[in-house]
Amino acid sequence: MPDILINGQTVQARTGQTVLEVALANGIFVPYFCWHPQLSSAGNCRMCLVEVEGRGLDIACNMPVSAGMQVLTDSAEVKAHRKAMLQFMTLNHPVDCGICDKAGECRLQDYHYTYNGEPSKSFEPKIHSNKYYNLSSRILLDNERCILCLRCTRFTHEVSKSMALGVERRGDASNIRAAEDRPLDEDPYSDNIVDLCPVGALQSRQFLYKARVWYLEPTPSVCPGCERGCTVQIWHRKPEWRLKALDPRQNASIARVTPLENPAVNGPWICNKGRDLARIFERRRAEQAMLKGIPVPLVDAVDAARALIGAAHRPAALLSNWGSNEELAAFKQYLGAVFAAFVKRDCEPEPGERVEDDLLIRPDKNPNTAGARALFGEPVAMLPEGTDLVLVWGEGCDFANLPRGAPIIFLNAYLRPENGYADVFMPLSVQTERHGHYTNFQGIVSEFQPCFPKPDSIADAETLFMALAAPAGVRR
Amino acid sequence: MAGRQLLMTFPVTANSHTLAEYRARGGYTVLENTLHHHTPRDVTQAVADAGLQGRGGAAFPTGRKWSVVVPGDGQPHYLIANADEGEPGTFKDRWILEQAPHLLLEGMLLSAYAIEARNCFIYIRGEFDLPYRRVAAAVEEAYAAGWLGDGIGGTGFGCDIVVYRGAGAYVAGEASGLISSLEGKKSYPRNRPPRLTVRGLYQRPTVVNNVESLSNVTGIVAHGAAAFRAVGTEKSPGTRLFSVSGHVNRPGVYEVELGFPWRKFIDEDCGGVLGGKPLKAVVPGGISSKVMTAAEVETLRLSHEDLWSAGSTLGSGGMIVVAEGTCMVRLLQIMLRFYHHESCGQCTPCRDGTGWMHRILDRIVAGEGRPEDIERLYYIAKYNDGTTICGLGDAAGYAASGMLDKFRDEFEFWIAHKHSRCQGRIECPIS
Amino acid sequence: MKDLIPEFEALRARFPPGFASSLVLPCLRRIQEERGYVADSDIDGLVAHIGVPRIQIEEVLSFYTQFRRRPIGRWHLQVCRNVSCSMRGAETLLEHLQRKLRIAPEETTPDGRCTLSAVECLGSCGTAPAMMVNDRYVENLTIAALDELLEELE
């Protein structure tokens with residue numbers, strides 16, 4: 001275990017570590033662009049240059065520790081070199097900050113203010129290159145902003161293995177390019193390169209120009225796209241920036257989704273399905289309780305449901321494996337004795353969707369099969385003979401397959417034609433409106449927090465289960 | 001002749017490059033003898049004791065480079081002859097490839113024996129035409145005669161050589177860039193650690209040596225380290241090939257015993273400056289070595305220590321003679337245009353810096369120079385010195401700072417007057 | 001490219017095992033020798049044959065000066081413009097060629113006969129000014145020698 005000195009302070013290191021890793025682990029910040037803990041060390045940005053007593057300057061990200069070495073991360077020479085590296089990097093970099101989505105979370109901006117802060121020394125006009133280049137259908141590339149750290153390229157070679165990106169030409173004419181057979185379009189992890197890009201060269205088309213990042217805040221959540229249960233950050237307007245002038249939907253919409261780093265589950269990555277959570281959560285919502293398609297107040301629907309439950313001899317329930325652990329437990333507590341409960345598979349893989357790989361994607365496209373299975377056993381295909389009432393919770397149930405003549409109580413969040421066929425329909429809240437936990441396929445439990453207030457006319461499933469358990473005729 | 005000769009020891013004829021002629025001169029007897037009577041360790045010891053310095057540009061002690069490769073470590077080792085010769089002003093490896101390819105092959109075989117390399121490569125720049133045909137033919141001759149392949153000389157030592165052609169990139173002459181290219185990729189140099197002798201070609205221990213360095217191994221093994229050290233100087237043993245070009249009457253490749261007086265070499269061996277003009281400057285070892293004034297040339301011998309102590313280097317052995325009346329601003333413009341074109345683009349200071357320097361020179365030459373430009377050039381050179389993945393960034397900086405150190409007044413003149421002090425002349429008019 | 005496969009296999013056999021990726025440069029050179037440039041279908045074929053990612057071949061084709069993806073004229077005149085050649089008259093020769101052929105560097109004459117390029121050091125500084133005509137070096141150039149050469153090029 002070699003001890004090394006950084007800025008005169010002794011720190012412990014492990015053989016095989018680099019000086020950069022040791023410094024960061026000990027709270028000593030050394031700036032860097034191209035290094036990333038999950039990628040190979042490219043050592044091309046030269047921003048992490050540090051001084052080693054007796055050896056001069058060299059990059060820290062590729063510098064093995066040796067016992068007794070004396071590293072200076074803030075000497076005059078190091079500072080002068082950092083300024084110079086930034087001078088080189090901003091030589092041709094367009095001052096696009098006013099129109100660049102990265103502003104506010106841009107490493108180049110941050111380092112410029114911290115380490116350089118001086119105007120460019122150059123008298124040459126900036127070299128122009130492609131802007132708004134479609135790297136894929138999801139990602140825009142601006143070659144002028146790119147600092148050629150090659151994080152994006154390394155990601156597609158080392159992590160997602162799509163081999164989608166590379167560099168054309170050389171010198172200051174170098175440009176990041178996608179392979180000509182467009183594998184980036186097929187790479188379900190492509191959007192991670194937008195997070196990786198330390199500047200505004202790679203932009204997500206779906207987030208483009210939506211909002212300035214300082215108006216947004218992230219809420220920790222769990223992606224429901226498959227049983228991996230990657231933890232994510234759902235970005236939305238900060239409460240203080242919810243403006244009356246805006247369409248209320250904008251105040252309560254998902255601006256973007258990014259990974260929430262999680263060493264046990266997904267590391268720093270998520271797949272594109274997680275990026276597209278708005279496609280799931282912002283579908284048109286069911287807001288009205290109904291009896292056979294006729295809108296009624298929620299209390300009336302609850303009463304009608306209770307009556308059906310009271311009259312049934314063999315009620316069965318098809319439970320959602322999108323239900324949180326708390327909701328599932330509530331069903332068991334309040335209605336477990338009443339219903340023969342079976343878990344259904346809400347979602348199956350869509351045509352063209354990657355089913356499974358050895359990175360993150362899992363074949364079960366539901367977030368909480370494990371949680372549901374723990375309480376209710378394996379999912380079933382058919383209900384028992386003689387079922388005379390079906391409570392359907394969540395999506396994925398084809399009513400044509402249900403026992404003929406059995407009334408249907410349907411609880412769902414989204415606007416669907418079958419909502420109107422159900423004898424009783426009650427709208428539900430979605431994941432982004434409540435707190436809860438999912439258990440992933442490895443048994444790891446992850447938490448999601450609410451991002452938005454729940455609409456007034458809609459109840460949580462837990463509340464409804466408790467209400468349905470009360471005897472008929474008793475109003476809550 | 002510029003001192004004793006070790007390599008150019010035979011008359012060059014239409015056939016002197018062939019195997020038959022090489023054998024007639026005693027070729028491959030050293031190899032045969034060594035394989036039968038000496039160990040690999042004997043060879044490495046001889047090369048280390050001889051103090052052979054790399055002849056590609058860095059003058060790194062060859063024995064020290066080899067010593068990092070661990071004998072018997074159970075993994076393949078590779079030997080690569082760097083025949084990428086792209087340093088402007090340099091064409092001396094070309095002489096060996098064209099006229100003495102078997103000298104290179106025998107040297108490679110001895111070196112491969114020493115470092116336990118079964119597979120060797122000659123990475124030759126893609127443009128080379130006759131040198132490629134000659135060395136490829138020599139390899140085929142060697143296979144046919146049993147000097148390559150299995151069981152060489154009836155011993156257990158086997159060795160294969162593949163001649164690998166580049167495709168037009170100066171940066172492929174840098175050892176790690178060369179390896180990237182040999183792996184079938186773009187010629188991106190690599191950061192060290194790890195050294196290439198630890199993890200090189202396909203992550204195996206690899207020795208990359210210059211063509212001339214390898215060609216010296218045969219003589220060292222044949223005559224011993226002491227005999228090699230008896231030639232040249234104490235700090236620069238042996239001889240070096242110099243390719244001489246520019247404003248000189250007899251351009252060409254010359255072998256010079258290290259320590260030979262520089263001015264004498266130019267005047268007597270190379271026929272002196274074109275048209276009898278006064279000497280202005282000499283670029284000693286390729287444009288990546290700092291230019292020396294005529295006054296400095298006068299005082300120096302051609303040795304590594306002489307040039308190092310004077311702030312320059314023998315570099316690649318590419319000597320460019322510059323006559324009085326030549327515009328050094330235009331020369332630097334051409335040099336910086338070269339570095340800009342050849343930068344691989346990986347690392348920040350070189351990628352952005354070489355383009356920046358080139359454009360500053362273009363602007364000065366266009367009559368739009370500014371007084372700050374000279375300090376800018378020094379700034380860019382300073383922050384390319386020791387900060388880059390490979391030496392290209394540093395080299396571009398040396399070319400610029402070298403010219404500015406010695407000929408600053410020409411640059412100041414052009415900036416102030418918006419034109420050259422000598423009509424931008426780079427040719428040497430012979431009256 | 002299919003006709004070249006036996007040659008590629010013979011070449012592969014000369015490398016140690018595990019060196020498939022190294023085949024990229026020599027195979028591209030052979031393909032270009034045959035076709036005059038490397039076509040998109042050649043890239044597909046090489047990917048299938050060697051098994052390297054397509055992006056690697058695309059990068060190599062754009063990184064190295066000698067590879068091209070478009071046809072050029074029958075005669076590629078590559079004049080060195082580096083230091084020693086310029087000091088012995090290369091700039092004058094280049095200007096002469098531009099005037100005579102009425103094209104700028106990187107252009108091809110309308111009849112498809114000549115493509116002109118200004119290239120970096122060819123390692124022929126001792127016989128400067130020098131150029132390459134397709135694969136061959138032509139050295140010790142003068143205006144007269146250039147004119148004579150042009151006469152001979154069909």
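A residue is called buried if 20 or more other C-beta atoms lie within 10 Å of its own, exposed if 12 or fewer do, and partly exposed in between, with C-beta atoms placed from the backbone. The views below show a predicted model, in which local features need pLDDT of at least 70 and side-chain atom pairs count only at pLDDT 80 or more, whereas totals for chains, interfaces and linings use all residues. Residues are numbered from 1 along each chain as its sequence is written, while chains are lettered from A and ligands numbered from 1 in the order in which they are written.

View 1. Because 29 other C-beta atoms lie within 10 Å, B:L109 counts as buried. Leaving aside residues up to four places away in sequence, B:L109 touches B:L31, B:W147 and B:C159, contact being defined by C-beta atoms, placed from the backbone, that lie within 7 Å. B:P205 is 96 residues from B:L109 in sequence, and the two C-alpha atoms are 17 Å apart in space.

**View 2. The packing of helices α2 and α6 in chain B.** Two packed helices are described by the angle between their axes and the distance between the axes. The axes of α2(B), residues 29-37, and α6(B) come within 9 Å and cross at roughly 15 degrees; such axes are lines fitted to C-alpha atoms, for helices over the stretch in contact, and angles run from 0 to 180 degrees between N-to-C directions. The two helices are therefore roughly parallel to each other, since angles under 35 degrees count as roughly parallel, over 145 as roughly antiparallel, 65 to 115 as roughly perpendicular and the rest as oblique. α2(B) passes α6(B) in a left-handed crossing, the term for a near helix turned anticlockwise from the far one by less than a right angle, with clockwise giving right-handed. B:V30, B:L31, B:T34 and B:L35 form the α2(B) side of the contact, and B:E106, B:L109, B:L110 and B:Y113 form the α6(B) side. By class this contact has 6 nonpolar, 1 polar and 1 charged residues, where Ala, Val, Leu, Ile, Met, Phe, Trp, Tyr, Cys and Pro count as nonpolar, Asp, Glu, Lys and Arg as charged, and the others, Gly among them, as polar.

View 3. With 18 other C-beta atoms within 10 Å, B:E116 is partly exposed. B:Y202 lies in the loop between α8 and β4 of chain B and has a positive phi near 50 degrees, in a residue other than glycine. B:Y202 is partly exposed, with 16 other C-beta atoms within 10 Å.

**View 4. The side of chain B that touches chain C.** Here 47 residues of chain B are in contact with 39 residues of chain C. Two or more residues each come from β3 (160-165), α8 (175-182), β5 (239-246), β6 (252-257) and α14 (328-342) of chain B, and α14(B) gives the largest share, 6 residues. This side of chain B divides into 21 nonpolar, 15 polar and 11 charged residues.

**View 5. The side of chain B that touches chain A.** In this view 25 residues of chain B are in contact with 26 residues of chain A. α14, α15 (348-365) and α16 (372-382) of chain B each supply at least two residues, and α15(B) gives the most, with 9 residues. By class, this side of chain B has 8 nonpolar, 12 polar and 5 charged residues.

**View 6. Helix α12 of chain A and its cover.** The buried residues of α12(A), residues 369-376, are A:T369, A:A370, A:G371, A:A372 and A:F376. What covers them includes β16 (315-320), α11 (325-335), β17 (340-344) and β21 (436-439) of chain A. Just after α12(A), A:G377 takes a positive phi of about 85 degrees.

Notes: Two residues are in contact if their C-beta atoms, placed from the backbone, lie within 7 Å. Helices (H or I, at least four residues) and strands (E, at least two) are DSSP runs, numbered from the N terminus.
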